[in-house]
Structure formats: structure tokens, C-alpha cells
Amino acid sequence: MVPGLEFEKPIIELRNKIKELQDFMSTKGIDLSDEVARLTDRLHKLEKDTYGNMSPWERVQLARHMDRPTTLDYIPHLFTDFIEMHGDRLYGDDEAVVAGIAEFHGRPVTIIGEQRGRDTKENLRRNFGMPHPEGYRKALRLMKQAEKFNRPIITFIDTKGAFPGKAAEERGQGEAIARNLFEMAGLRVPIICVVIGEGASGGALAIGVGNRLLMLENSWYSVISPEGAAALLWKDAGQAERAARTMKITAPDLLELGIIDELVPEITGGAHHDPVEQAKRLDHFLVKHLNELSTLTKDELVMQRLEKYRHMGAFEVESDFIK
């Protein structure tokens, strides 16, 4: 059974009660179908109320769920003939970034995604999904290759941020992220970016400059994590829930603000309840946006991307400064 979060406890308790009654019916031969039907109807209403009115912090918790689908979970359900590429040709290979080529509905594409682990051993191997500079340089190498062979690029964003360790800084973490931002802005192929879990700071932006930016319903995307913002604003990381409420980091908020292009609905209770069905839902949006972008010329792709980011946000200009 999928582990539940704190706000899901009433739902889990009701599910367990229904299962107990169903098991009792099968072993004792007693008809309790009316009671099961009543509780099932109550469960559906509770799920609708709970998941339809989640707070920003509850969405953050779902985005961090240990069973939430990762890049490597989506790849086999979305693509065929995936071939993973390794190394940045400068330093080494970073397993926090998965990159390679595959086919998407018969079309060659380049796939780049951040990858976290499911347990301690895998998280250590993947560095908890926090890339080093060589991870971003590997991503850029594959992006330039995609441009050379005219392959669309699809990226999957899922990171707590770029790794902030001493070794990463010594190898040019800031330069690697800045270089990716600069190069992605001018790539002459379609780029679709999808936030599938957490999207924090420059670690997310480094593979997030695209013609289209999509977000799964229960993912989040921000310049800093709620804990980091709380520590800066109130000197208390324990105020993360309060920060999440004020930061506008969830998919519905960012869609309203015009930061993202589309919100991808999730399975009731979160993508981890049915990764295969969630991949099917995501597939529909990828096909839609890739078809739209395929009608643009190379120059139009670059201009559309630049205009997209140029028009983000709202600002005022004091008339006194305009002469």
C-alpha cells in the first residue's frame, strides 16, 4: 500500500475500514454490501474534499512523496528505444542527471531529466537528485547534439536544487548553470520542460529554459525552497508551511501568474497512485505542444522562447525616467 501523508490519514483509515469489511465478507460469508457501499460513497466525497482543496504545503509534501514517479519511471511509458548517454567530456558523469535519445511517437527526441533515489543507497548514488556541474554540462552536451541533428528536447525537472558542496563550487557550479541558461535561450529546436516533482532554484532553471513549461498538478517551482525562504525571512525553517502559502509556488498559482503554459492534472491522490496512467496523461500534453512547436521555423522557435520570458511578470515604469 502507498504510504500516506499526515493530511491523508482520515482517507487511509476509511480505506482500511472498507478493506476490513470486504475481507470479513469473504471469510465469514456475511453480506455487508450496503455498509461497504455507504463507506465507499463517503470515501469518494472525502477524497474529493481533501485533494480538491489542498494547501500549498500539502502539494509540496505530495511533490516530495517517496513513491512519486521519477524521470526514469516516466521514460519507459512515454518513449521507446531509449539510449542513455553518460559524461560531460570534461570531468565525469553525474547520475543526478539522466540524459539520452529515444523515440516519441516515431520521432527522435533528446531526453534530459533530474533523477533522485527511492532509498538511502540510491539517493547517495544520485546525490539526492541534486546535480553537480558535470551533470549540467552533460545536459548541455546532449542539447547541442540535439540541435545538430534537429531533435526536439524534452526535459524533466525534479530537484531540490543544484548541489551546494565545496567540490561543486570548485568545479564551477554557477558557471555551468549560467552557461545552460544562455545556451538554451538560443537553441534552434523545440524545447519542452516539465516539472514532475520539485523545481528549486538554479538547479531547476538550468534545464528549464524552453518554448513550453508544463507542471504536474502537485509539483512546485520556485527560486528557493519553502524551508530556505522561511530561514531567510523569519530565521526559522520550521515556518516552511507559512512560506509555502505566501510564495505562489504551486502549479495552479504559477498558471494564474502566467509563468507556466499548462497544468497537467494528476491522478486522485497524486501521481504515485498510478504512474502508468499519469504517464498517459502527460503524453497527451507532450504530443499537443510538440505538434504546435513543430510548425515554427528555427528562427521563430528562438524568438518565441525569448518573447515568452521577456513578458513574464508585471512591472511599472516611472514616467519621470522616460524623456
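In which helix does S201 lie? S201 lies in helix 9, residues 201-205; helices (H or I, at least four residues) and strands (E, at least two) are DSSP runs, numbered from the N terminus. The structure is a predicted model, in which local features need pLDDT of at least 70 and side-chain atom pairs count only at pLDDT 80 or more, while totals for chains, interfaces and linings use all residues. Residues are numbered from 1 along each chain as its sequence is written, and side-chain values use heavy atoms, with hydrogens and water left out.

Figure 1. S201 is not a glycine, yet its phi is positive, about 60°. S201 counts as partly exposed, at 32% relative accessibility; buried means under 20% relative accessible area, exposed over 50%, and partly exposed in between (1.4 Å probe, protein chains only). D81, which is also not a glycine, has a positive phi of about 55°. D81 is placed in strand 1 and is exposed, with a relative accessible area of 61%.

Figure 2. The volume of the largest pocket is about 160 Å³. A pocket is found on a 1 Å grid over the protein atoms alone, as an open set of points where a 1.4 Å probe fits, with protein on both sides within 12 Å along at least five of seven lines. Grid points are joined across faces, edges and corners, and a volume is the space filled by probe spheres set on the points. Lining residues have an atom within 4 Å of a point; among them are R64, R116, D158, K160 and E198. Other residues of the lining include A63, M66, F128, G117, N123 and T159. By class, the lining has three nonpolar, three polar and five charged residues. Ala, Val, Leu, Ile, Met, Phe, Trp, Tyr, Cys and Pro count as nonpolar, Asp, Glu, Lys and Arg as charged, and the others, Gly among them, as polar.

Figure 3. Side chains of opposite charge can pair when their charged atoms come close. A salt bridge is a side-chain nitrogen of Lys or Arg within 4 Å of a carboxyl oxygen of Asp or Glu, and the whole structure has 26 salt bridges. In the one between D93 and K138, the closest N and O atoms are 2.8 Å apart. D93 lies in the loop between strand 1 (80-85) and strand 2 (97-104) and K138 in helix 6 (residues 133-148), so the pair ties together parts that are 45 residues apart in sequence. D93 is partly exposed at 34% relative accessibility, whereas K138 is buried at 0%. R125 and E95 form another salt bridge, with 2.6 Å between the closest N and O atoms. This pair links distant parts of the chain, 30 residues apart, with R125 in helix 5 (residues 120-125) and E95 in the loop between strand 1 and strand 2. R125 is partly exposed at 49% relative accessibility, and E95 is partly exposed at 28%.

Figure 4. E183 forms a salt bridge with R179, the closest N and O atoms being 3.6 Å apart. The two residues are four apart in helix 8 (residues 173-186), so about one helical turn separates E183 and R179. E183 is buried at 18% relative accessibility, and R179 is partly exposed at 37%. Salt bridges that share partners join R137, K144, E147, E175, R179 and E183 into one network. N180 also lies in helix 8 and is buried, with a relative accessible area of 1%. A polar atom of the N180 side chain lies 3.2 Å from the backbone oxygen of A206.

**Figure 5. T246 in helix 11.** T246 is found in helix 11, residues 240-247. T246 is exposed, with a relative accessible area of 53%. A polar atom of its side chain is 3.0 Å from the backbone oxygen of A243. The C-alpha atoms of T246 and P226 are separated by 9.4 Å, the two residues being 20 apart along the chain.

Figure 6. Helix 13 (residues 275-293) has 19 residues. From its first C-alpha to its last, helix 13 reaches 26 Å, close to the 27 Å expected at 1.5 Å a residue; the expected span is 1.5 Å times one less than the number of residues. Buried residues of helix 13 include Q278, L282, L286 and H289. F285 is found in helix 13 and is buried, with a relative accessible area of 11%. F285 and H272 are 13 residues apart in sequence and 19 Å apart in space, C-alpha to C-alpha.

Definitions and conventions:
A polar contact is a pair of N or O atoms within 3.5 Å; within protein, one must be able to donate a hydrogen and the other to accept it, and residues adjacent in sequence count only if both atoms are side-chain atoms.
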